Amino acid sequence: MSETETYPAPKDKRLTEDEVVAQLRSGMTIGIGGWGSRRKPMSIVRAILRSDLTDLRLVTYGGPEVGMLCAAAKVSHLTFAFVSPDVGPAAVLEPHFRAARQSGAIGCTEVDEGMLLLGLQAAAWRVPFIPTRVGLGSDLHLVNPALKTVTSPYPGPDGGDGEELIAQPAIHLDAAICHLNVADERGNAAFCGPDLYFDDLLLQAAAQRFISTERIVASGDLVDAAGDITRLRINRLFVDGVVEAPNGAHPTSCEPEYGRDEAFQKAYLGTAKEAEAWDGFRSEWLSFPTEADYQAALAARPTGDA
Amino acid sequence: MATDLSDLVTRADVCAVAVADCFRGDGEILANPIGTIPMIGGRLARATWEPDLVMTDGEAALIANDEAVPAVADRRYETYNPYRTMFDVVWSGRRHVMMGATQVDRFGNQNIAGLGGTPQQPRTQLLGFRGAPGNTINDTTSYWVPQHGPRVFVESVDIVTGVGYDRAAALGPEASRFHEIRRVVSNLGVFDFETPDHAMRIRSLHPGVTVDEVVAATGFELVIPEEVPTSRLPTSDEFRLLTEVIDPKNTRLREVPQSE
């Protein structure tokens with residue numbers, strides 16, 4: 001053995017948004033983290049919007065990223081329980097998503113919110129399905145025709161035949177993208193807001209796993225940065241690339257760093273009525289060559305202006 | 001009180017009390033009313049005769065506050081309840097949710113997903129199925145309709161998101177053993193399914209609402225009892241809680257405005 005044997009360095013998984021997108025392909029099934037208009041990996045979504053990617057199959061608890069990608073004709077299929085911008089006392093609907101669905105521009109697989117969890121969990125655990133009562137009696141089969149039932153091999157509650165349950169199939173993802181509050185360069189990450197949502201399951205269900213984060217810190221500083229070890233819920237076994245993207249979830253919220261940019265989101269939601277309005281919004285806000293240019297333009301806005 | 005309470009009580013107050021009464025007897029379960037008046041009504045039930053109800057802050061926590069929507073700094077946290085945990089609760093059966101309904105039919109089938117067209121290409125895309133299938137097959141469910149009309153109360157919903165009694169019956173006793181649609185509360189009255197075939201029945205009409213008015217605003221034949229009760233008013237204590245503690249900013253009047 002040589003006295004000067006060199007050992008491999010730990011992987012440094014830092015990437016740019018465009019380097020993430022370069023690893024994606026048209027036609028892929030892509031899971032997007034967050035929930036509604038909360039903690040969405042928007043900087044990577046913006047990179048997808050300025051890329052040549054098309055024919056994407058999205059799986060998500062949907063927010064404005066779905067509407068933007070649909071409006072930009074990047075989406076061929078969507079697996080969803082809802083798509084909501086999350087504002088107002090009553091749920092407001094997502095106009096670009098609605099337009100795509102109503103025109104037949106996208107195919108859809110509809111699920112109950114909990115079935116999405118189960119499908120991702122099944123994929124993460126490498127089992128073909130998870131049985132559930134969810135969906136029985138509803139019309140989900142009309143918008144999810146592949147959904148099948150399974151008969152329990154065990155006696156029913158009355159001792160008779162086993163119950164018939166929905167067999168929620170595994171939802172395998174080619175790629176998952178999520179936005180976390182803080183991470184290290186190896187792919188460990190923490191959420192610091194109210195809810196992890198299902199980001200961990202999306203990453204575990206995916207072949208290629210990418211996160212963006214408000215900031216990258218040294219591994220030893222993660223607990224201090226997150227506030228508590230129980231917030232370190234994403235680990236590097238399930239992360240292939242990390243993008244440092246301050247304000248990267250904009251215009252969605254990333255508590256506690258920032259709330260939703262309501263004015264910006266409202267401006268975006270108002271662009272669905274005419275193609276010119278969307279084209280104008282897209283060219284003004286979604287066509288910057290880099291995320292840094294987008295953030296600079298945001299920072300340069302007059303106070304209170306979207 | 002010098003003034004007669006009935007002169008002060010609004011339709012919104014009656015609705016809130018009717019919502020609260022939906023949770024009567026529920027004990028220590030997660031009461032999860034969604035919407036302005038539903039949340040106010042749920043808080044009222046807990047602040048009075050159902051003290052063991054567990055309720056959310058609308059986000060990821062279960063809180064003890066009586067205020068309908070307390071400021072973050074004022075929230076008295078009981079426990080952490082992220083979405084993952086909420087599904088654990090839903091699937092455990094320890095929840096009574098009150099959802100909205102774009103359409104609801106005589107057997108309590110609900111639609112919040114889409115109108116017209118085909119299931120794969122609705123003329124009007126709505127929210128999606130959200131958690132309705134799981135809620136209705138696992139737990140007691142009630143509905144809140146702030147604007148009672150024939151386009152909401154329909155003969156047959158365009159697509160079934162929340163499972164009604166006819167669908168549950170077709171599943172058989174095992175699969176439907178956790179299913180219960182308890183009430184529908186609207187701005188006009190309270191409705192239940194306590195009939196032989198679980199068809200929707202008028203349980204009570206709010207003060208000033210006539211049977212004819214409700215029949216005209218309903219797209220199917222309601223079961224009408226011989227004596228139609230009038231929805232109760234809040235007690236003086238309930239009225240004080242509503243106006244001073246739970247909803248002092250009167251947000252409930254924005255959801256159900258008081259007609260002169």
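**Confidence.** I am working with a predicted model. I looked up chain A first. Its mean pLDDT is 95, and 97% of the residues of chain A reach 70 or more. I then went through the elements of chain A. Confidence is lowest in helix α9 (residues 262-269), at a mean of 94. Strand β2 (residues 29-32) has the highest, at 99.

**Helix pair.** I picked helix α3 (residues 64-71) and helix α4 (residues 95-103) of chain A. Their axes lie 7 Å apart, and I read an angle of about 50 degrees. The two helices α3(A) and α4(A) are therefore oblique to each other. I noted the crossing of α3(A) over α4(A) as left-handed. From α3(A), the contact uses A:Val66, A:Gly67, A:Met68, A:Cys70 and A:Ala71. From α4(A), A:Pro95, A:His96, A:Phe97 and A:Ala100 take part. I sorted this contact by class: 7 residues are nonpolar, 2 are polar and none is charged.

**Domains.** I have chain A split into domain 1 (14-111 + 172-293) and domain 2 (129-169). Taken over C-alpha atoms, the centres of domain 1 and domain 2 of chain A are 32 Å apart.

**Chain contact.** How many residues of chain A are in contact with chain B? I find 39 residues of chain A in contact with 33 residues of chain B. On the chain A side, α4, β5 (107-110), α5 (113-125) and α6 (140-143) each supply at least two residues. By class, I get 20 nonpolar, 8 polar and 11 charged residues on the side of chain A that touches chain B.

Notes:
Residues are numbered from 1 along each chain as its sequence is written. Chains are lettered from A and ligands numbered from 1 in the order in which they are written. This is a predicted model: local features need pLDDT of at least 70, side-chain atom pairs count only at pLDDT 80 or more; totals for chains, interfaces and linings use all residues. pLDDT is the predictor's confidence in each residue, from 0 to 100. Helices (H or I, at least four residues) and strands (E, at least two) are DSSP runs, numbered from the N terminus. Axes are lines fitted to C-alpha atoms, for helices over the stretch in contact, and angles run from 0 to 180 degrees between N-to-C directions. Angles under 35 degrees count as roughly parallel, over 145 as roughly antiparallel, 65 to 115 as roughly perpendicular and the rest as oblique. A crossing is left-handed if the near helix is turned anticlockwise from the far one by less than a right angle, and right-handed if clockwise. Two residues are in contact if their C-beta atoms, placed from the backbone, lie within 7 Å. Ala, Val, Leu, Ile, Met, Phe, Trp, Tyr, Cys and Pro count as nonpolar, Asp, Glu, Lys and Arg as charged, and the others, Gly among them, as polar. Domain bounds come from an automatic or database domain assignment.
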